[in-house]
Amino acid sequence: MDRVKSSMQQVPNAIPKVIRRTGGANSLELEKENFERGQTVSINKAINTQEVAVKEKHARTCILGTHHEKGAHTFWAAVNRLPLSSNAVLCWKFCHVFHKLLRDGHPNVIKDSMRNKADLTDMSRMWGHLSEGYGKLCSIYLKLLITKMEFHIKNPRFPGNLQMSNRQLDEAGENDVNNFFQLTVEMFDYLECELNLFLGVFSSLDMSRSVSVTAAGQCRLAPLIQVILDSSHLYDYTVKLLFKLHSCLPADTLQGHRDRFQEQFKKLKSLFYRSSNLQYFKRLIQIPQLPENPPNFLRASALSEHISPVVVIPAESSSPESEHVVETDDLVDTDVPVLPPALETKFDDLFGTTAAIDPFNFNSQNGMRKDDKDRLIEQLTREIQALKDELESFRLESGRLCQALRGRVNELEAELAEQSHLRLQAAGESEFLKAELDDLRRVREDTEKEQRSVTEIEKKAQANEQRYTKLKEKYTELVQSHADLLRKNAEVTRQMTVARAAQDEVEEVRREMQDKVKAAQDVADRQEREQLEQLQQLQRELVSSRTELDTLKTTMASSQQSSELLNSQLVVLESEKAELVQSLSKVEAELTSQGEELERVQSSLATERESGVKTAEALQNQLNEKESREQALESQLVAARWSSLQGAVEEAEKIIQDSLAQIDDPAHISCTSSADYLASRCQASIDCMDRLLSAREAFLADNTGVSGLVGVVTQCGHLVGDTIVQGSATSHMVPVEQADALSESVKACGAEALALLAQLKQQDSLAAADNSKLKAALEAILATAERLRPRGLELQQGELGDLVEQEMAATSAAVESAAARIEEMLNKSRAVDTGVKMEVNERILASCTELMEAIKQLVLSSKNLQRDIVESGRGAASQKEFYAKNSRWTEGLISASKAVGWGATVMVDAADLVVQGKGKFEELMVCSHEIAASTAQLVAASKVKADKDSSNLHRLQQASRAVTQATAAVVASTKSGKSQIEEKDTMDFSSMTLTQIKRQEMDAQVLVLELETRLQKERERLGELRKKHYELAGVAEGWGEQEEGTG
């Protein structure tokens, strides 16, 4: 009953107070005074020193006040009187209320609050000196509020609650990529402050206890609702802006944005997950869950997969301070009950309607109403008691559930502590294993260094001897295998001869048996025909006899007179008849005997026929077995021949691969050779190519002659391998341009040789094997060697001048050819490729086309500048004399022009391979950097003697910058295409145990160490190569001679 009375007292009075109206001015002042007084009371109730959450009704009153006065003057007038710098809880609740006003208050709140920015900054700095408790949280919260105000002042299109449509977000950037870029940075800073407050609040709470159900815990957690609302919008807008930026800018430019987003995504996802598990937030707000993986901004279609996080706040969520109040409106009805209509009209039905005003109306007597009220009170009392009992049972049940949940929480906390202990133990073991691994790695490196220093000399001494021993053993094996194959061939030939003779005998026996069978069949047929003729003759005689007998009988019947004569004739005829019957029986007996004889002959003939067939089948089986054995032996012989040929081809491949490996060996740099010896080796290899062609044709005509082809293949492998090694050694003695060209020719020769050997190894491609490409590569090396042979005289003046023009013209032609090839590749890619591949190829080839155009303009500007230099510097001398006089400058110009043309050709080849899917994106990027370096060399060589105020020099520098930008565009488009085509594997560790994860972690660490070691070695090798390149370039350009001349 006490609870019912208290609930009834909370019902507001239904009788409104009458406000006395006065004059207009006094009423406005009174209304303003009442408004300020009410706002001050609400602010003081919302912002107090009690460590409980801010009541929603007081904060809502403050928000409505800002909309009423269209600003925050009253709020700041009341807040400035509060001791915010002396009480941390008071300052914390002020920050919470102020955050609500910035989000849901009038838009002028932000402008009015900027006047107090300095005071808020000083207060944040003051509270920042405290390292724990509300002081540190107040400092972080004040920084967040200052950042929020600055963001909305810089970006007035964003409302305080950050709710915007996609169209409004696009309008905020004014369709300028720079504005979108800066807006994304500001949102990152804004979201960083939100996350800092999130982490600060969680780190200040003891998560081992149910802090979300305590008043102190709710005081700290309540402001996080505003943080969650802001963070969800900031995350959504950041994702959309990053997709927009990636559609306008290169991926490399936005690498920092992506890294920062990845870091904030992980933090925000973790904090949302931790918040959703707190009991305090479950009934106040529905927190969204972020996806497992962050969006892939490098794939434009991933924007359609993005789902904006939506924070849902229930329409009627009870505030924290009213959760213990029990609503009793449905339990007690304080109105006077209405009596049933039957009781009201009972008296009227008996005495008429006038009884209502009659003094004897019993329905209006006090006794009746008192009894009804008593019964109603008793009924309500019983209902209230039942509800109390039910409420008590609910309380007991909730207490029991709370106790069970607390036990479960304690168990989970114990499990969490155990997992933390295991994690710390695993981290300690990991550190110990890392230390041991580092020690083992240092010991291994020291051991490897000592072993390399000891075995390096031995390897050099034994290399030639081992190679000679291996070659000798291989040659002996080939000779032995060839002899064995010859013996096997003779044996197979002899067996085939015997099999053919046996086959001839079988054929002869078969023919004899067939003749015998045919003769027996002819005899049997002839005898059968004779017996049939005799039988037919006897039957005719019998028929004639019977005819005569009938005639006699008729004669006897017609003539009685001659009966005696007829009787006598009858006796004679009977006797003749008896003789005929006897002869007929004899003939039938003879026919029977002849039939039995015919059956015996037929049975014997069938027996002989069956035996002949069986004999023929046996002989045919023997013949088939001999033929199968002959075919097996023939296949073994062919396989042996092919195995010997494949062994020779594989040995030749190993020789050539070893030669190609020696080119990249740093120890090979010290090896040198002469152009004359290289030319002799090339000529010997070309002659061997002709012999290889003849041997291949002979083998195709007669596959038994495999020995000649094996010997020629082995000899070709040795000669081509020697040519490759000597070519690489010769390149160490020539200028860098010629050295690069010779190295490329040597590598191309090795590749063509391996391709030809691969065709010779396969039986189906042996006939189509073409050695023309390898021969052309050898002839190119031979031509290069001929050009590298020392000349008797230096170039004359005219030749040097002509050489400059020729090289510049050749460079222009190479650039034109490269541009044409790129256009052709672009058209072919558009016709063949589709989807992402076509988009990537078009982007790469378009950037390459722009680079070729920039190089073309650079070469043209260089020509014009050289013409100005020659015109201004030659005086009365001719152009050729000027080039001869400045020979060093001319040679540098020629070298730079060659490098530009060569770089353009190589880049087009690399782009062709990338478009076909056979090349690497890294090769194209390296070629682009090489072109940039070559063009820089050409610019430097061109402007060395130019006038600083020359207009052509200015145009040349502009062209150089255009080439640099085009090169960067090629690199950016290549990297972007590579990231679009290559698929990244997703790391799924959900099904792995702790031991498996530990094992994978150790394997990954070992792999990282191996790759670091390999990277260090490659860097050292690159440094040595650059050092050697610098030395060779110095020799080629005559730097030493210049130094001697200047000294």
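Hi everyone! Residues are numbered from 1 along each chain as its sequence is written, and side-chain values use heavy atoms, with hydrogens and water left out. Because this is a predicted model, local features need pLDDT of at least 70 and side-chain atom pairs count only at pLDDT 80 or more, while totals for chains, interfaces and linings use all residues.

Let's start with the cysteines. A disulfide is a covalent bond between the sulfur atoms of two cysteines. Here the rule is a pair of cysteine sulfur atoms within 2.5 Å, and by that rule the count comes to one disulfide. Which cysteines does the disulfide join? They are C688 and C716, with an S to S distance of 2.5 Å. The angle about the S-S bond is -105 degrees, so this link is left-handed. C688 sits in helix α19 (residues 675–701) and C716 in helix α20, so the pair ties together parts that are 28 residues apart in sequence. Helices, by the way, are DSSP runs of H or I with at least four residues, numbered from the N terminus.

Are these two buried or exposed? C688 is buried, at 0% relative accessibility, and C716 is buried too, at 6%. Buried means under 20% relative accessible area, with a 1.4 Å probe and protein chains only.

Now for two other cysteines. C91 has its closest cysteine sulfur in C138, 4.0 Å away, which is too far for a bond. C91 is buried, with a relative accessible area of 0%. C219 is in no disulfide, and its nearest cysteine sulfur, that of C138, is 9.4 Å away. C219 is buried as well, at 2%.

Next, please find T184 in helix α10 (residues 177–204). T184 is buried, at 0% relative accessibility. What does T184 touch, leaving aside neighbours within four places in sequence? It is in contact (heavy atoms within 4.5 Å) with L241, L242, L245 and H257.

Last, the second largest pocket, which holds about 2100 Å³ of space. A pocket is an open set of points on a 1 Å grid, where a 1.4 Å probe fits, with protein on both sides within 12 Å along at least five of seven lines; lining residues have an atom within 4 Å of a point. Of its 49 lining residues, K459, D665, P666, A667 and H668 are the closest to the centre. Helix α17 gives the most to the lining, with 17 residues.

Definitions and conventions: Helices (H or I, at least four residues) and strands (E, at least two) are DSSP runs, numbered from the N terminus. Buried means under 20% relative accessible area, exposed over 50%, partly exposed in between (1.4 Å probe, protein chains only). Grid points are joined across faces, edges and corners, and a volume is the space filled by probe spheres set on the points.
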